[in-house]
Amino acid sequence: MNAVLWSPVLVATLTACAGDAPDGAAETRPDDQVSLEAELPDAPLSYVAEDDTIVLRIDMDRVRRSSLADELGAWLEGREPWGAVLSRAGIDPVQDFDRLLAVAPTSDPAASLVVARHRLSPDRIRQAVGAVAGGQVAWRQVQGFEAARVPTGSGDARVVVLTAPNELVVTTPDLFDRVLRVAVDQRARRVAEEAVEPALAFDNGTIATVVALRLNGWAREAIPEPPPEALDVRLTEDGQTQGRVQVHATGTYADPAAAAAAGTTLTERRDLYAGHMLIAAAGLNDEIGESEIRTTGNELDVRTTFSEGDLERVIGVVGMLRQFGR
């Protein structure tokens, strides 16, 4: 995917999966009366459910070892409400997280679930949650896991569950039972502190992925008309050249005519950006202008490759272009 053309989808996805920032000390607690299956299924249960049509994954360890660390960290901190939550918690997502998974149904993005594999001690996590809540948080042992219910300023609540010494889940009270079932299953399968969640098993070279199905109004606003029915975005290391990153997006449309129309719109936008003075000043004319945009049936495929340094500049330029409404 051309990072300048469709990167707002990442912003929309993060915002949708974050929920409101918790406000005030938690006095309530999650329900600890949960019936769990006694026998393990053949494959590990996943925090990604069948009705989750937004799935965002980031390999923060790979990002941390690249030149993209500072730019991506600043980008995450600038997203609301994520930025406010991370700031109040004193957490640096790039330095403190190893892997991040955020899922939600497009029909109700607020019904979100976030899984973070982190590098923090349980005490540091408790301190961070307390800082976000604005006071002491009442933690409770539930099925062998520490959990706390934290009210938010909008009257909703989020539940934080410490599913392993280096893993936590943030979700809604309605999804708490589901989280416990998955956490119990994965705990039974875990060796040492390995990640058991299938969605956190990254292919070699994968940095981040976003899959969004049945896109509705909030997501469609970030994508040129006509919007796709489904969108799959992948950021991967270029297997041919060290230090380069490939951005690849596939949009699936209702019919070939819609895909062709979207291809025309994206081609026009690519050419517009390739000649933009900010793109020229950043030295990105060739990378933007050489982005491949191909339509096959009802699918639109977009590919481009950047050096890590160029991608850093793209992220900055995208922010400036969005401020200008372009």
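This is a predicted model: local features need pLDDT of at least 70, side-chain atom pairs count only at pLDDT 80 or more; totals for chains, interfaces and linings use all residues.
Residues are numbered from 1 along each chain as its sequence is written. Local features need pLDDT of at least 70 and side-chain atom pairs 80 or more, while totals for chains, interfaces and linings use all residues, and side-chain values use heavy atoms, leaving out hydrogens and water.

**Exercise 1.** Work out what span helix 8 should have.

*Solution.* Helices are DSSP runs of H or I with at least four residues, and strands are E runs of at least two, numbered from the N terminus. Take 1.5 Å times one less than the number of residues. For the 14 residues of helix 8 (residues 176-189) that gives 20 Å, and the end C-alpha atoms are 20 Å apart, so the two agree.

**Exercise 2.** Decide whether threonine 250 is buried or exposed, then find its polar partner.

*Solution.* Start with the place: threonine 250 sits in strand 10 (residues 244-252). Next, buried means under 20% relative accessible area, exposed over 50%, and partly exposed in between (1.4 Å probe, protein chains only). Threonine 250 has 18%, so it's buried. Finally, its side chain makes a polar contact of 3.1 Å with that of aspartate 301. Such a contact is a pair of N or O atoms within 3.5 Å; within protein, one must be able to donate a hydrogen and the other to accept it, and residues adjacent in sequence count only if both atoms are side-chain atoms.

**Exercise 3.** Say what stands out about the phi of glutamine 143.

*Solution.* Find glutamine 143 in the loop between strand 4 and strand 5. Its phi is near 55°, a positive value in a residue other than glycine. Most residues other than glycine have a negative phi. At 32% relative accessibility, glutamine 143 counts as partly exposed.
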